[in-house]
Amino acid sequence: MSLFWRIFLLNAAVLVAAAALLLLGPITVSTPVLLTEALILTGGIAFMLTANAAMLRIGLAPLQRVTRAMTTIDLLRPVPRTEVVGHGEIADLIRTFNTMLDRLEAERAASSARALSAQEDERRRIAQELHDEVGQTLTAVLLELKRVSDQAPAPVRDELRTVQEITRGSLDEIRRIARRLRPGVLEELGLVSALKSLTTEMPTPDGLAVRHHLEPDLPQLGQEAELVVYRVAQEACTNTVRHAAASRLELRLAGTWRGVELRIRDDGRGVGDSPEGAGLRGMRERALLIGAELQVGRPPGGGTEIRLTVPTGRPASAEPDRTTAPAAAAADPTPARPD
């Protein structure tokens, strides 16, 4: 039965019941209307409206749940679909809404995958050009400066050596930028070595201590999953260095019963109630590409904690003992300092 006919028959049943009570019951209406008759009619109308409202609320309750889901849904945070309840058009509407969400999530994942793939290709191209073109040009400039400084008089030689040092520093910075754009160590040595290199080479402000704890024996991840883990760690560390005003940054990569977990924690000012920026949304988009779960929260001691859980497709033998994790971290903290 369609929603129109259900509502129509509901109101018709209430009106027919009221008419039957007037026709068959002892109720009469005088002219002019007596006070008792007016009170009875008022009570009858109030009862009909209450019954009609209650029955309509029960019948339209599934639509209210769908409305709440429409206003709160976020395609970057997958949630269970709305339960299909009710009959007829209401059940069809809920099923259509769930199908629409599935299609939107699939289309968003596909478009995000294309965008991120194009972004990685562009990073690779720029890094290659920086390394091959700009790097080689600066190297040639350094060699030429050395040749000229060897033949120049003493006062000019000192100035040329100063220029050499500036050029050498620029060359090192360009190489560092190229490595951040295209993590070659990730492709050559793996995720653990890439994260060690990230924390070691990351420029940090004074007063920020960076520590990492990376388990060497981890479940095997695919190339795409390793790239996602690296980019999430890179974005989280960059946010901490630039915006958190923290004194401690900890990066941990470990295996859990759910897969591989990346955790970045700092003691800075925290995210607060501010809306998520492009960085966090980019992390969520990357996590969705590999079916990972990203959580951003505030740990008990303050600051920000970002946790990325990547499923590996096979369960671990047992969940690690949470009570010994802090002791292990304290026993083997590896300080990382920039060069």
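**Entry 1. Surface and overall make-up**

I looked up the accessible surface of the protein, which comes to about 20,900 Å². Carbon and sulfur atoms hold 59% of that surface. The model is predicted, and I therefore read every value below as computed from a prediction. Of the 339 residues, 30% count as buried. I find nine helices and six strands in the protein. For contacts with a separation of 6 or more, I note that 68% join residues 24 or more positions apart.

**Entry 2. Confidence**

I checked the pLDDT next. The average for the protein is 76, and 85% of the residues score at least 70. Where is confidence lowest, and where is it highest? The lowest mean, 36, belongs to helix 9 (residues 325-331), and the highest, 89, to strand 3. Over residues 314-339 the pLDDT is below 50. I record that this stretch still has 31 contacts in the model beyond near neighbours in sequence.

**Entry 3. The largest nonpolar core**

I then turned to the largest nonpolar core, which has 36 residues. Leu191, Leu195, Leu251, Leu253, Leu262, Leu308 and Val310 touch the most other members. Helices 6, 7 and 8 each give two or more residues to this core, as do strands 1, 2, 3 and 5. Which element gives the most? Helix 7 does, with nine residues.

I followed Val310 through its contacts. Setting aside residues up to four places away in sequence, Val310 touches Leu221, Ala225, Val229, Arg258, Gly259, Val260, Ile290 and Ala292. I also noted another core lying apart from the largest one; it has eight residues, among them Ala127, Leu138, Leu142 and Ala178.

**Entry 4. Leu191**

Leu191 is found in helix 6. Is Leu191 buried or exposed? Leu191 has a relative accessible area of 7%, and it is counted as buried because this value is under 20%. Beyond its neighbours within four places, Leu191 is in contact with Leu186, Leu221, Glu226, Val229, Tyr230 and Leu253. Leu221 lies 30 residues away in sequence, with a C-alpha to C-alpha distance of 9.1 Å. I note that Leu221 and Val229 are also on the contact list of Val310.

I took the span of helix 7 from its first C-alpha to its last. The helix has 22 residues and reaches 30 Å, close to the 32 Å expected at 1.5 Å a residue. Just after helix 7, Ala245 takes a positive phi of about 55°.

Where does helix 2 (residues 35-72) bend? I find a bend of about 50° at Leu60, with a proline, Pro62, following within four residues. Pro62 is buried, as are Glu37, Asn52, Gly59, Val66 and Ala69 of this helix.

Leu181 lies in helix 4 (residues 154-181). Leaving out residues up to four places away in sequence, I list its contacts as Arg123, Ile126, Ala127, Leu130 and Arg231. Ala127, a member of the eight-residue core, is 54 residues from Leu181 in sequence and 5.9 Å from it in space, C-alpha to C-alpha.

Glu105 is found in helix 3 (residues 89-151). The C-alpha atoms of Glu105 and Leu288 are separated by 9.6 Å, although the two residues are 183 residues apart along the chain.

Notes:
Residues are numbered from 1 along each chain as its sequence is written. This is a predicted model: local features need pLDDT of at least 70, side-chain atom pairs count only at pLDDT 80 or more; totals for chains, interfaces and linings use all residues. Side-chain values use heavy atoms; hydrogens and water are left out. A nonpolar core is a set of buried Ala, Val, Leu, Ile, Met, Phe, Trp, Tyr and Cys residues joined through side-chain atoms within 4.5 Å. Buried means under 20% relative accessible area, exposed over 50%, partly exposed in between (1.4 Å probe, protein chains only). Contact means heavy atoms within 4.5 Å. The expected span of a helix is 1.5 Å times one less than its number of residues. The bend at a residue is the angle between axes fitted to the seven residues ending there and the seven starting there. Accessible areas come from the Shrake-Rupley method with a 1.4 Å probe; for residues, only the protein chains shown count as cover. pLDDT is the predictor's confidence in each residue, from 0 to 100.
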